[in-house]
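Please view the structure below before reading on.

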Amino acid sequence: MAIANKNNIPQKASIMEKQNLSSLEAQIVSQTPGRVRLRVPPAHRQQQQIAPIANALKARLEIYRVKTNIFSGSITVLHGRELLSSQDMLLVLRDLGVNL
């Protein structure tokens with residue numbers, strides 16, 4: 001999908017725009033190489049907000065597992081640390097609409 005900027009030059013749409021994801025507030029509570037755990041505040045602990053982001057993460061080849069717990073607001077992502085650095089993982093989350 002392409003979008004035009006103010007100069008009418010086509011640009012690639014972000015992952016968030018492609019998948020119609022809404023933004024999600026979250027805080028990093030634990031991060032080690034190959035693993036990041038997020039905590040979603042109570043106001044955002046809704047399946048319809050968390051599931052699309054979890055599914056988009058699961059679709060990435062460098063991510064091995066995504067575990068969510070709606071009741072505790074926890075999202076745990078296990079990724080190949082040789083394929084995706086911790087900093088890159090944060091960029092992926094931001095691109096999916098996760099506000100850290």
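Of the 100 residues in the protein, 34% are buried, where buried means under 20% relative accessible area with a 1.4 Å probe, counting protein chains only. This is a predicted model, in which local features need pLDDT of at least 70, side-chain atom pairs count only at pLDDT 80 or more, and totals for chains, interfaces and linings use all residues. Residues are numbered from 1 along each chain as its sequence is written, and side-chain values use heavy atoms, with hydrogens and water left out.

The pLDDT, which is the predictor's confidence in each residue on a scale from 0 to 100, averages 84 over the protein, and 79% of the residues score at least 70. Residues 1-18 have a pLDDT below 50, and this stretch has 24 contacts beyond near neighbours in sequence in the model. A contact means heavy atoms within 4.5 Å.

The protein contains 3 helices and 8 strands; helices (H or I, at least four residues) and strands (E, at least two) are DSSP runs, numbered from the N terminus. Their order from the N terminus is β-β-α-β-β-β-α-β-β-α-β.

An open sheet of 4 strands is arranged as β4-β5-β7-β6, with antiparallel pairing. Its edge strands are β4 (27-32) and β6 (63-69), each of which pairs on one side only. From one strand to the next, the twist averages 15 degrees. Two strands are said to pair if DSSP finds at least two bridges between them. Two of the pairings are set out here.

| Strand pair | Sense | Bridges | Bridge partners |
|---|---|---|---|
| β6 and β7 (residues 74-79) | antiparallel | 6 bridges | R65 and L78 |
| β4 and β5 | antiparallel | 5 bridges | S30 and R37 |

Two helices pack on this sheet. Helix α2 (residues 47-58) touches β6 and β7, and its direction makes about 165 degrees with that of β6. Helix α3 (residues 86-95) touches β4, β5 (35-39), β6 and β7, and its direction makes about 150 degrees with that of β4. These axes are lines fitted to C-alpha atoms, for helices over the stretch in contact, and angles run from 0 to 180 degrees between N-to-C directions.

The hairpin of β4 and β5 has 2 residues between the strands, and G34 in this hairpin takes a positive phi near 90 degrees.

Among the contacts in the protein with a separation of 6 or more, 51% are between residues 24 or more positions apart.

Conventions: Buried < 20%, exposed > 50% of the residue type's maximum accessible area, 1.4 Å probe, protein only.
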